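New notebook page, new structure.

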Amino acid sequence: VTPPLSQPEENSHLRVFLLLFRGVRQAQWLTKTKLVQGLPAAVLSIAENPAHQLQEQEEAVHRAIAHARLWETTEVAPRREKYCPVLFEDLIHLCRSMSMKYPSLARRMLARNYRIAATWERESTLLQIRGLNGILMNSMTPIPPIASKEEILATKDHVLETFYPISPTIDLQEVIVYQELNDTGFKDGYPYSHPHTLYFLESANNRPNRFRPEQLRAKMLMFAFGNALAKARVLYGNDPQVLEQPIVVQSVGTDGQLFQFLVFQLNTTDLVSNDGIKNLVWIDSDQKLYESAQCVPEVKKRVVTKPTGIYGLQPETFKKFLALYLHGTV
Amino acid sequence: MSLSRGVRRPIKLLIWAPCPSAVPQLCKMAACRGRRLLWHGRCWFSQDPAAPPPTPAPAPLYPPIVASHTAKSKVAKRRRLELFYQQVHEAATIEEKLRLYGKLQRPKYMVYPQTFALNADRWYQSFTKTVFVPGLPPRAPPAAAKAPEPGAGAAEALEQGTATAGAAASGAAEALQPGAAAPGAATATKPAAEAAAELDLGALRDLACDALLQESFYQNKKRPFLYRDQDHTPAPFLTQLASSFAAFLCKRNPLLAASSLDLNPEINYYWHHGEEVVVHGHRKGRVDPVRFQIDDKPHLQIRVPKQLPEVVPLESDLGDVPVVNHKPSKLPLFKKQYENKVFIGSKVADPCCYGHTQFHLIPDKLNRQRFKVANLEDQIEVVYRANGIASLFAWTAAQAMYQGFWNEADVTRPFVSQAVVTDGKYFAFFCYQLNTLALTAETIQKSSRKNICWGTDSKPLYDVVEDGSVKGFNDEVLLQLVGFLLNRPKEL
């Protein structure tokens with residue numbers, strides 16, 4: 001049984017619980033999306049480019065992880081509720097120091113505890129997504145579309161996977177909606193009006209309270225779609241249409257060790273029928289930042305076999321994290 | 001500090017040999033015949049002043065005569081104390097030293113930096129031997145440190161202006177004297193410096209206004225929870241402000257690029273100051289040191305790998321420490337017994353072991369309106385000062401302990417840190433220099449050094465936020481904040 005998705009709102013008739021038994025495949029049907037494994041080439045080229053890296057990046061990342069996992073508390077080992085947000089803050093602090101090289105990175109703003117609302121219709125079912133989701137980084141300028149026109153047109157031929165005889169909306173909660181709400185979470189005139197990246201921190205201590213990687217990816221996809229759709233409604237109105245300027249929203253989800261990266265491009269708001277142009281999503285899943293963190297030295301027969309420290313650091317994961325941060329500016 | 005009772009030293013038996021130089025005054029043992037025989041020899045020695053002094057033995061033949069370790073006597077207690085000090089001095093690692101320092105648990109006063117107690121700042125100054133100097137220490141702030149190149153700086157774009165200002169600043173910083181370049185002083189360099197500083201300041205002002213507007217206006221938020229107003233707007237605003245300023249000023253201050261930003265870290269410090277007589281219990285009547293513990297949770301702090309430079313020399317005397325002739329419990333302070341922790345926000349192994357700036361948020365309980373309603377308007381500033389002094393003392397002293405200093409091994413270099421105390425609108429700036437850790441009853445008499453805290457009054461950053469714009473933005477507060485964040489060691 002997968003845990004619920006979004007937090008309940010104060011008015012009970014507007015609540016939405018979303019249980020995704022098929023993970024990303026179900027989310028794909030709900031959002032009319034085609035999946036591409038791996039991050040897009042534009043982001044990967046930013047990641048590989050040595051000019052887009054911090055000084056002594058590996059050491060800095062190692063220090064950030066050690067701070068989060070080992071040093072940050074008076075207890076012997078911090079718990080996930082503490083080390084997951086601390087790791088995220090440290091990594092974002094490292095990314096923000098890149099504004100030394102690219103001053104336009106300063107035109108970004110983090111928003112915590114913001115609420116999203118988006119409604120759409122999917123084959124005669126009205127779906128909506130609401131509530132607190134994650135930490136959103138807004139930017140003044142939108143991310144340029146990643147897929148070219150040909151690729152977008154090619155999605156017409158893609159057939160969405162259905163789960164016959166199971167309806168894809170089987171585990172969604174049915175509520176009576178009095179108001180079809182579309183809200184980006186911010187008022188008009190907000191200077192940082194383009195959602196850039198959504199960060200999800202699975203920081204619950206107990207495993208049943210955390211989303212498993214597949215469900216986390218599905219949650220990321222649903223909320224990235226929700227943010228993009230709300231923005232599209234604000235920009236282009238409520239009529240279903242194919243967007244000339246697709247909207248790109250990125251997402252990063254982590255539980256303190258495993259990272260999931262996602263880039264979503266909204267090509268169309270015409271979601272009623274199953275054919276036509278589809279949206280695109282690139283997912284890079286299950287990237288480990290480090291193998292393990294030893295808080296107490298492992299001692300076997302009075303000899304220290306494994307001293308305290310972080311083992312198995314994989315700097316490529318941070319490069320991708322940084323690339324997603326820099327995407328759109330660089 | 002009491003000694004560990006587990007250590008048992010072997011009692012050394014002293015054998016009295018018939019040697020005149022080894023006979024102590026207190027020895028009342030029966031004189032042996034040999035001693036009587038030598039008595040004449042002793043007289044003979046004393047009648048001959050021209051005799052050469054006896055050559056000192058190459059190594060003492062007999063162990064040193066010291067007091068007992070386990071006896072119930074004052075001398076034995078003193079010896080146990082000395083042994084404990086020796087143990088702490090010889091501890092192999094800093095963690096071991098801290099463990100021994102705080103091993104014995106006894107009831108101690110819990111000092112809260114954010115307190116409603118009246119005149120708490122004077123009490124805290126007396127507990128920490130701190131001199132409070134109003135106003136910030138004179139040093140070259142960023143605005144005046146930029147060399148006067150008026151026309152060139154003003155006409156160019158932001159990045160270019162920063163580059164010229166930065167290059168000029170490194171050349172002019174040596175030329176300008178810190179005393180002449182006080183922030184508010186209107187000197188000849190000010191109009192020119194303003195032109196160069198405007199460019200930077202404009203971007204920073206926009207950042208600050210955007211953060212404020214996002215939190216208070218643009219983001220759709222529910223109504224704040226009861227008595228949780230500070231969590232609703234000022235807390236995220238402060239986080240946003242501090243982190244975006246730190247990122248923006250990385251270019252100007254490379255120390256910030258190597259810094260570590262902590263959200264809601266924990267700061268702990270435990271110390272002794274003064275003496276009291278135990279009032280009740282099985283230890284009644286004994287003279288005990290007065291123990292204090294600060295457990296602080298600043299909203300945000302920046303830790304750096306290199307120490308901030310000293311503001312004034314170690315032995316400076318800038319004023320008097322207030323003397324409070326009451327027991328600490330009259331403040332009111334309450335005693336509790338729990339773990340004696342010393343912590344700067346991360347463990348000893350962290351390379352960022354020096355502090356740079358802390359940001360404190362005044363809680364709802366202590367907001368200005370409550371003080372005004374209770375006719376205690378002069379206590380508003382006391383809240384800010386008490387918070388600054390106590391938090392910064394705890395932080396700097398914990399940093400000093402992380403470097404191996406403690407009250408028997410006093411600091412050899414001053415430790416400097418800064419703090420910004422705010423309630424979301426009013427900002428007060430504090431700078432603290434720790435010159436001495438020797439605050440126990442014995443060591444405080446030997447040391448004439450005092451800790452120093454500079455601080456300003458609280459000033460508003462803006463007047464009001466209305467309809468998507470900030471009215472009455474105060475650039476002076478912004479300048480002071482920027483000056484704080486740009487503080488760095490001289491070699492950087």
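**Entry 1: a threonine in chain B.** I picked B:Thr115 and asked which residues it touches, leaving out those up to four places away in sequence. My list came out as B:Ala120, B:Tyr124, B:Leu366, B:Val383 and B:Ala386. A reminder to myself: this is a predicted model.

Next I wanted to know where B:Thr115 lies. I found it in a loop of chain B, with strand 1 (108–111) on one side and helix 4 (120–128) on the other. Is B:Thr115 buried or exposed? Its relative accessible area is 10%, and the cut-off for buried is under 20%, so I put B:Thr115 down as buried. I also checked its side chain: a polar atom there lies 3.0 Å from the backbone nitrogen of B:Ala117.

**Entry 2: chain B as a whole.** I stepped back and looked up the helices and strands of chain B, getting 15 helices and 14 strands. The chain has 492 residues, and 49% of them are buried. Then I looked at contacts in chain B with a separation of 6 or more: 78% of these come from residues 24 or more positions apart.

**Entry 3: where the chains meet.** I looked for salt bridges between chain A and chain B, and the count is zero. For polar contact across the interface, I got 19 residue pairs, both residues at pLDDT 80 or more.

**Entry 4: helix 4 of chain A.** I stayed with this helix for a bit. Helix 4 of chain A has 17 residues and reaches 24 Å from first C-alpha to last, close to the 24 Å expected at 1.5 Å a residue. Of those 17 residues, 14 are buried, so helix 4 of chain A is largely enclosed by the rest of the structure.

**Entry 5: a valine to finish.** My last stop was A:Val175, in the loop between helix 5 (149–154) and strand 6 (194–201) of chain A. A:Val175 is partly exposed, at a relative accessible area of 27%. I also looked up its distance to A:Leu127, 48 residues apart along the chain: their C-alpha atoms are separated by 9.9 Å.

Definitions and conventions: Residues numbered from 1 in each chain as written. Chains lettered and ligands numbered in written order. Predicted model: local features only at pLDDT ≥ 70, side-chain atom pairs only at ≥ 80, totals over all residues. Heavy atoms only, no water. Salt bridge = Lys/Arg side-chain N within 4 Å of Asp/Glu carboxyl O. Polar contact = N/O pair within 3.5 Å; in protein donor to acceptor, adjacent residues only side chain to side chain. Helix = DSSP H or I, 4+ residues; strand = E, 2+ residues; numbered from the N terminus. Expected span 1.5 Å × (residues − 1). Buried < 20%, exposed > 50% of the residue type's maximum accessible area, 1.4 Å probe, protein only. Contact = heavy atoms within 4.5 Å.
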